[in-house]
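Visitor: I have a structure open and would like to talk it through slowly. Could you go over it with me?

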Amino acid sequence: MDKHLSAKIGQYAVICDKQDRILVLQRARSGAWCLPGGRLDKSDNNPLKALAREIKEELNLKVIDSVPIDVAIVEDQYQIKYCVYFLVQVADLSKLKISAEHKDYKLVDYKSVLKLKVEDKKIKEILKNLK
């Protein structure tokens, strides 16, 4: 029996505004809050371009820079994912427009994130380490 992990690969963005508030999205499907991003597609041959594509699709924002800051294996009711988290700089946060995949967004400080029902518990740990 193969004991190797078989998982999807997810990439998620920590995007902050000038007041160091963190952008979080509310999933339409579950109502839980999450970071912007998503899974790599089979056709994605460049992970950074794939992350930029996800940010464009979900938020209508252009990625200027992205730096990996953490990794985790996350399991939920839908899948097992190997997740890479990035600190992402975008061109103009005022152009933000969420996709139908999400029903709301917030810019929140770190303490407020701790109070949210989040989809991925790793988010709280990552943000704590960024403080």
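Guide: Just after α1, N60 takes a positive phi of about 60°; helices here are DSSP runs of H or I with at least four residues, strands are runs of E with at least two, and both are numbered from the N terminus. This is a predicted model, in which local features need pLDDT of at least 70 and side-chain atom pairs count only at pLDDT 80 or more, while totals for chains, interfaces and linings use all residues. Residues are numbered from 1 along each chain as its sequence is written, and side-chain values use heavy atoms, with hydrogens and water left out.

Visitor: Which other residue has a positive phi near 60°?

Guide: D20, which is not a glycine, has a phi near 60°, and it is found in the loop between β1 and β2. D20 counts as exposed because its relative accessibility is 59%. Most residues other than glycine have a negative phi.

Visitor: Back to α1, how many residues does it have?

Guide: Helix α1 (residues 47–59) has 13 residues and reaches 18 Å from its first C-alpha to its last, close to the expected 18 Å, a span defined as 1.5 Å times one less than the number of residues.

Visitor: Which of its residues are buried?

Guide: In α1, the buried residues are A50, L51, E54, I55, E58 and L59. They lie on the same side of α1 because they cover an arc of only 140° around the axis, taking the directions from the helix axis to the C-beta atoms. These buried residues pack against several strands, including β1 (8–15), β2 (22–27) and β5 (63–75), where contact means heavy atoms within 4.5 Å.

Visitor: New topic: which residues touch the most other members of the largest nonpolar core?

Guide: That core has 18 residues, and I22, V24, L35, Y85 and L127 touch the most other members; a nonpolar core is a set of buried Ala, Val, Leu, Ile, Met, Phe, Trp, Tyr and Cys residues joined through side-chain atoms within 4.5 Å. The largest share of this core, three residues, comes from α3.

Visitor: What does L35 touch?

Guide: Not counting residues up to four places away in sequence, L35 touches Y12, A13, V14, I22, L23, V24, Y85 and I123. Another core, of 15 residues, lies apart from the largest one, and among its members are L23, L51, I55 and V88.

Key
Buried < 20%, exposed > 50% of the residue type's maximum accessible area, 1.4 Å probe, protein only.
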